[in-house]
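Here are a few notes to read alongside the model, for someone opening it for the first time. They go through rings, charges and the sheet in turn.

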Amino acid sequence: MLKLNIPNREQRNLKPISLRNKEKYYSDLINLEMGLTGRVDSFISNIFIQESAQLIINAIVLFELGYFDAAFYTLRQSLELSTTMVYLSDLDEMKKKEKLKDWKEQNSFPDYNKMISFLEKNETTFSEIKSFLFEYFEKLNKVKKKLNKYLHKQGFNTFYVMRSSIFHPIYEAIDFSKEFEEYVKECIGAIAIFRLAIDPFPILLAEPEIYKRTGNLITEGFSEEFIELYIGTINLEKLKKTKHYQYLFKTILEEKPKNEFTINVVKHRYIDKDHINEILDQSDLLSSHELISVFICKILEKVSIVYAGGILDSFFSSTNSNRTNLEWSSEVFDKLENEPQNFNLNFDNVFISKIKIFGEYYFFEHNEKLEENEIKKFNLLISLLTMCDK
């Protein structure tokens, strides 16, 4: 039997294509991933969002390597996974536990069409969004059908051998990459829309009047550029008419707005010492961690960073730290907590001090050593706050 030696057999019909805009998509996917939900009953959705974003990245990588049908399949997976996310979120608690168990154990589980049918029939937030965005979902359905054509190899344009060097003039790579990128954008937009069916905060926070009235949320708002590119201005206005959006918008609008310096403390954990008084004018809008950290910075100009209640809640100030390495570990804080000395502990080119308020330790860095009169100020703060607690 004649044995043929065909060099580069694995690569023979692959045509790698570079996508000029891939870094843009990667950046936009970060914005999508930051739009986490704070809903306790749907917190698992955040994992689905991250996985959907990863699938888009995988699709881009596969397409550039030349595995285009695998890339289209991965895009379709991102749509199906996003649908599963919304489906599980909109079930009542008992049904959710049952279906989530089926999903985890890979038992029988509804397919894409059945999940969509359920969401439409049960008058969920998703069904309202779908009714407002009817034309959008019609277009998305066409995209999904087009992706299926590549998966099922319908048409010669879906064949590797027809896109090899022999037939290359018939199927120009530039047209193919443009088509693929359109599907990438459609899938990113779809994930964003499905995400908004859980709660509308990613677009609510894009409203300046809402942003300044909310606290330190887990959710980051979608940028204006992201909304324009992947959702569209017309669709955005329709989404704002949904009951859930309207209810939250009106409720949050009743709250007192924060000034820019208070916003920096609450949302960015940054204390501008030149505007401490403006921050304290809105002390009723601060949490205990935020308020005490602001007081510590007001008492002492030397303070650069405050760690409230340990490493998890830190506040940077307009006084820069002289530390060379701003990384921390819980072990370091445990060691500092057990130190008998409360003030002026040497650490990495700065000093660390600590005070205990309401049963919690507050650690703060300062570049220069505290003087005795400055230590007395902190002891007075502890006394005053202890009295207020009583």
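How many aromatic pairs does the count come to?

1. The count comes to 21 aromatic pairs. One of them is the pair of F72 and Y150, which is stacked, with 4.0 Å from centre to centre and 15 degrees between the planes. Keep in mind while you look that this is a predicted model.

2. Stay with that pair for a moment, and find where its two residues sit along the chain. F72 belongs to helix 3 (residues 68-89) and Y150 to helix 7 (residues 134-151), so the pair links distant parts of the chain, 78 residues apart. Are F72 and Y150 buried or exposed? Both F72 and Y150 are buried.

3. Now widen the view around those rings. F72 and Y150 are members of one aromatic cluster, which also takes in F63, F68, F176, F180 and Y183.

4. The charged end of K144 sits over the ring of Y112, at 4.5 Å from the ring centre. For K267, the ring in question is that of Y211, and the charged end sits over it at 4.4 Å from its centre.

5. On to the charges. Side chains of opposite charge can pair when their charged atoms come close. How many salt bridges does the count come to? Here the count comes to 24 salt bridges.

6. Start with D41 and R39, which form a salt bridge whose closest N and O atoms are 2.8 Å apart. D41 has a relative accessible area of 36%, so it counts as partly exposed. R39 is partly exposed as well, with a relative accessible area of 23%.

7. Next up is E237, which forms a salt bridge with K240, the closest N and O atoms being 3.7 Å apart.

8. The bridge between D284 and K256 has its closest N and O atoms 3.8 Å apart. This pair links distant parts of the chain, 28 residues apart: D284 is in the loop between helix 15 (276-280) and helix 16 (288-299), while K256 is in the loop between helix 13 (243-253) and helix 14 (260-268). D284 is exposed, with a relative accessible area of 55%, and K256 is partly exposed at 38%. Elsewhere, salt bridges that share partners join R39, D41, E93 and K96 into one network.

9. What is the order of the 6 strands in the open sheet? The order is 1-3-2-6-5-4, and the pairing is mixed. Strand 1 (270-271) and strand 4 (345-347) stand at the edges; each has a single partner strand, so one side of each is left without a neighbour in the sheet.

10. Within that sheet, strand 5 (residues 350-357) and strand 6 (residues 360-366) run antiparallel and are joined by 7 bridges. Helix 17 (residues 330-337) lies across strand 2 (303-308), strand 4, strand 5 and strand 6, and runs at about 100 degrees to strand 6.

Terms used: Residues numbered from 1 in each chain as written. Predicted model: local features only at pLDDT ≥ 70, side-chain atom pairs only at ≥ 80, totals over all residues. Heavy atoms only, no water. Phe/Tyr/Trp six-rings, centres within 6.5 Å; stacked < 30°, edge-to-face > 60°. Helix = DSSP H or I, 4+ residues; strand = E, 2+ residues; numbered from the N terminus. Buried < 20%, exposed > 50% of the residue type's maximum accessible area, 1.4 Å probe, protein only. Lys NZ or Arg CZ within 6 Å of the ring centre and 35° of its normal. Salt bridge = Lys/Arg side-chain N within 4 Å of Asp/Glu carboxyl O. Pairing = 2+ DSSP bridges. Contact = heavy atoms within 4.5 Å. Axes fitted to C-alpha atoms, helices over the stretch in contact; angles between N-to-C directions.
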